[in-house]
Amino acid sequence: MTKADPKKFHIKSFGCQMNVYDGERMSEMLVDQGMTAAENSEAADLVVLNTCHIREKAVDKVYSDIGRLRRKDGSSPMIAVAGCVAQAEGKEISRRAPSVDIVVGPQAYHRLPELMETAKSGKKALDTDMPAISKFDILPTRGKQARPTAFLTVQEGCDKFCTYCVVPYTRGAEISRPWSDLVDEAKALVDGGAREITLLGQNVNAWRGEDEKGNMQGLDGLIRALDRIPGLKRIRYMTSHPNDMTDGLVAAHGDVGSLMPFLHLPVQSGSDRILKAMNRSHSVRSYLTILEQMRAVRPDIALSGDFIVGFPGETDQDFEETLQIVRDANYSQAFSFKYSPRPGTPAAGMDDQIAPEVMDERLQRLQALLNEQQYAFNQQTVGRTTDILLERQGKLDGQLIGKTPWLQSLHIISPDLKIGDMVEVEIARAGPNSLTGEIKERMAA
Ligand code: 5AD
Ligand code: SF4
């Protein structure tokens, strides 16, 4: 069956911020091609599911979402599956879900318009190449931004091969985007209204590149260059690997004014034995040492992390050590997951897979501790005066929601403020997941 020429698209991104960024770039490209964004998938004649393959549940979700796109009259929009499931499953997707027209991997989505041409003629279109020409060279330049906070992918892929992880297979080898492209993209984002930029990468702190003078720079050098862009108020970055944490990056947290006091540094487990089996190549001690260095230059830094419970062979003792590192490190927020065997990864074939009920129990205990720490962190910021960048409208009349420097959500009621404003507030109350504040004064935009 041939599909009509799609005019309205809807992109649904799952998983990490890298996918959110890719979704935005696809959206900008489709708008550049004359299409318009639809409110939701019902109103769209092209639906892009920008998928995540990191855990099994994420994959199941894609197939149930594809099923739900079928309309009452039996028709369906043109469906493109993008992202890491597309990369990992390829042709298998349109075999399992025949309503899928296009399968496009994370390094090939700049070819979406050509793939749509193929799909229009009724053929299945597949592109999971990792081409030599970067998609970034082909995508349209960044324009007006819908929000004051923007993502900027600086590095993609991963060479670390943690034994549980699909990323090195779906996103390929580590590649750093060139310095000048990043500085230009950041300037375009700021010109388009962004006030905060979050630098993204699977291993963002592994970014390396030559500056305009030909000197080799790390992420800290790039951050220092972006700090000089007028109008850019805040810089963040994620996700970092402990082994790529340099002294320069630690130092930047001490003296770069726009670099926010927040660090997402996954440790995954608090047991050296499990870290070794995970091929993490850092230890509990080396992780805690980084935190000590970071807190020496930036005592108020908010720490975030990722944890996996129930990795094959994890004993009660190993798990107790994970609880211990959480107590020692003290997180302001964190993500924790049950281990999910991913096809093709070394851990999937390891002996001693952990029973689901053991994982459930461990996850509950870990999350209880992390929630307690998050609440305590929020409470100890009450009474502080700090700046907030207002990002979106709240549910109540005149309510706006912004983020503190420590990435907490803060609600404020003020009818004369608008999204994009930076305001100074006093943190009045703290809940487990958010804060409320009272206005002190408005800052220069
Ligand atoms: N099972 C469970 N969690 C995983 N993660 C990555 N792979 C797996 C897996 N197979 C988690 C890690 C990583 C985060 C993005 O997802 O904690 O840091
Ligand atoms: Fe996956 Fe490990 Fe690479 Fe992170 S560092 S993307 S967990 S392989």
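**Entry 1: helices on the sheet.** I began with helix α2 (residues 56-68), which lies across β1, β3 and β4. Its direction runs at about 170 degrees to β3. I note that the model I am reading is a predicted one.

**Entry 2: the sheet itself.** I next looked up the strand order. The sheet is open and has six strands, ordered β2-β1-β3-β4-β5-β6, with parallel pairing. I asked which strands stand at the edges. They are β2 (36-37) and β6 (125-127); each has a single partner strand, so one side of each is left without a neighbour in the sheet. I then turned to helix α1 (residues 17-32), which packs on the sheet and touches β1 (8-13), β3 and β4. The direction of α1 makes about 170 degrees with that of β1.

**Entry 3: one strand pair.** I examined β3 (residues 46-51) and β4 (residues 78-82), which run parallel and are joined by five bridges. For L46, I found the bridge partner in β4 to be M78.

**Entry 4: helix α7.** I checked the length of α7 (residues 179-191). Its 13 residues reach 18 Å from the first C-alpha to the last, close to the 18 Å expected at 1.5 Å a residue. I listed the buried residues of α7 as W179, L182, V183, E185, A186, A188, L189 and V190. What covers these buried residues? I found that the cover includes helices α1 and α8 (219-227), together with strands β7 (149-153), β10 (196-200), β11 (208-210) and β12 (216-218).

Notes
Residues numbered from 1 in each chain as written. Chains lettered and ligands numbered in written order. Predicted model: local features only at pLDDT ≥ 70, side-chain atom pairs only at ≥ 80, totals over all residues. Heavy atoms only, no water. Pairing = 2+ DSSP bridges. Helix = DSSP H or I, 4+ residues; strand = E, 2+ residues; numbered from the N terminus. Contact = heavy atoms within 4.5 Å. Axes fitted to C-alpha atoms, helices over the stretch in contact; angles between N-to-C directions. Expected span 1.5 Å × (residues − 1). Buried < 20%, exposed > 50% of the residue type's maximum accessible area, 1.4 Å probe, protein only.
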